[in-house]
Amino acid sequence: MHRCVAREPGKPVLHVATKPGEPVIIEADGSASSSDVRSFELDDVFDETVDTPAVYHASSHGIVEGVLDGVNGTILAYGMTGSGKTHTMLGDERHVGIVGLAARQLLEAAGASGGRVSVA
């Protein structure tokens, strides 16, 4: 299967085709085989096989911990229309989303401290 977006193996780097419908082919050394590819180095990259709790733990758990320590934090979903941002953030009847997992973490912290969580 050809994709217009490819992750560099073992690295948080995405290669994206600049021409619609063109495949991105990553060589064994991590380079893209076409000059019509833009590359982006990110903090992490998740594909469709990663579940929401794993994404939350890797991307948002530390932000919520910071909020509990009085530091402002933002969790933002960004991407193409139809790529799953709303589902990832809100979840559905069977799966808790990022918002629910953050709320759970905040409420568990409040319970552990006898309800005395002070957020500036």
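**Reading a helix and its core**

Author: The face of α1 turned away from its buried side carries two exposed residues, His57 and Ala58. Keep in mind that this is a predicted model.

Reader: Which residues of α1 are buried?

Author: Thr52, Val55 and Tyr56 are the buried ones. They sit on the same side of α1, because they cover an arc of only 100 degrees around the axis.

Reader: What do the buried residues of α1 pack against?

Author: They pack against α2 (61-68), α3 (85-90) and α4.

Reader: Why is Thr52 called buried?

Author: Its relative accessible area is 16%, and buried means under 20%. Leaving out residues up to four places away in sequence, Thr52 touches Thr88, Val96, Gly97, Ile98 and Leu101.

Reader: How should I read a nonpolar core?

Author: Start with the general idea. In soluble globular proteins, nonpolar side chains tend to be buried together. Here the largest nonpolar core has seven residues: Val55, Tyr56, Val64, Met89, Ile98, Leu101 and Ala102. Two elements, α1 (52-59) and α4 (98-112), each give two or more residues to this core. The largest share, three residues, comes from α4.

Reader: Which residues does Ala102 touch?

Author: Ala102 touches Tyr56 and Val64, with residues up to four places away in sequence not counted.

Reader: What is found at the start of α1?

Author: A side-chain oxygen of Asp51 reaches to within 3.0 Å of the backbone nitrogen of Ala54 there.

Definitions and conventions. Residues are numbered from 1 along each chain as its sequence is written. This is a predicted model: local features need pLDDT of at least 70, side-chain atom pairs count only at pLDDT 80 or more; totals for chains, interfaces and linings use all residues. Side-chain values use heavy atoms; hydrogens and water are left out. A nonpolar core is a set of buried Ala, Val, Leu, Ile, Met, Phe, Trp, Tyr and Cys residues joined through side-chain atoms within 4.5 Å. Buried means under 20% relative accessible area, exposed over 50%, partly exposed in between (1.4 Å probe, protein chains only). Helices (H or I, at least four residues) and strands (E, at least two) are DSSP runs, numbered from the N terminus. Contact means heavy atoms within 4.5 Å. The arc is that of the directions from the helix axis to the C-beta atoms. A polar contact is a pair of N or O atoms within 3.5 Å; within protein, one must be able to donate a hydrogen and the other to accept it, and residues adjacent in sequence count only if both atoms are side-chain atoms.
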